[in-house]
Amino acid sequence: MLAAGEALLPGEGDHAITGMTAGFDAKKISTAEVDAGRGMQADQKVCQPLASLIGGFTRLPAVSTVHRSLKPGEAKNATVGSMWLASHSQDDASRVVKELRAAVAACPKGFKTLGLAYGKVESLPAPKLGDEAVCYRITGDIGKQKLPMTYTVVRSGGVIAVFYGVNMLDPKQAAIPEPVIKAQLEKIAATTG
C-alpha cells in the first residue's frame, strides 16, 4: 500500500497497467487529452463528484494521477473506455468514495456540466474488490442520442482506481470487466509492497 501522500508518478515504477491485459489494450493518454477534462463543474454541488469523474479526476485533488485508454483486443467486444489511478492520503481516498456514493444517491435525475446534460444516474452492484467499491451507470444526452456510461470505482488504501466503460451496441455490457480491474489492483499491490 502507498503511504499517506505517496505519489503514483510515472517514471517512479509506473503503477498502471500498460499493453494487453485481460483482453484489453491499455495505452497512455496524452497530457493535453487528460487536462481537457479538468475543472468540469456540475450545476448542482451535490453532483460534483460525478462531474469530476467524467472529466477524469477525483473531486478532491490527488497527489498524482496516471491515465490509460482501454480498447478490447477482440473485434466482437464493443466495450471501450479508460481508467485512471488517483493517489490520495487514505483519509482523502475514503472521503472520495463516501462523497461519490452520496452523489449517486442524490443525483438520480442527473445534472449538467459544460453545457452537456447527464439525464440519469443509477447505482449498480459493485465488485467485491479492494477496500471498497462503487459502481454506477450515468446516461449522457448527446443530441438526440442517449449514451449510457458505466463507472467502477475501487479504493485500495489511498489509491482510487476508476474504470470507465461504454458500449454503443449493448449498454448492459459497458462495464470494464472484473479481470482488468483485478489485474490493475494486483499491479498496485505488487509495485507498492
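Predicted model: local features only at pLDDT ≥ 70, side-chain atom pairs only at ≥ 80, totals over all residues.

Start by selecting strands S4 and S9 (residues 159-167): they run antiparallel and are joined by nine bridges. Strands here are DSSP E runs of at least two residues, helices are H or I runs of at least four, and both are numbered from the N terminus. Two strands count as paired if DSSP finds at least two bridges between them.

Residues are numbered from 1 along each chain as its sequence is written, and side-chain values use heavy atoms, leaving out hydrogens and water.

Now colour all of S4, residues 79-87: eight of its nine residues are buried. Buried means under 20% relative accessible area, exposed over 50%, and partly exposed in between (1.4 Å probe, protein chains only).

Follow the six-residue hairpin that joins S3 to S4, then find threonine 65, which stands opposite alanine 86 in S4.

Last stop: glycine 56, in the loop between helix H2 (48-55) and S3. Is glycine 56 buried or exposed? Its relative accessible area is 6%, so glycine 56 is buried. Show its contacts (heavy atoms within 4.5 Å): leaving aside residues up to four places away in sequence, glycine 56 touches His67 and Trp84. Finally, draw a line from the C-alpha of glycine 56 to that of aspartate 35: they are 21 residues apart along the chain and separated by 8.4 Å.
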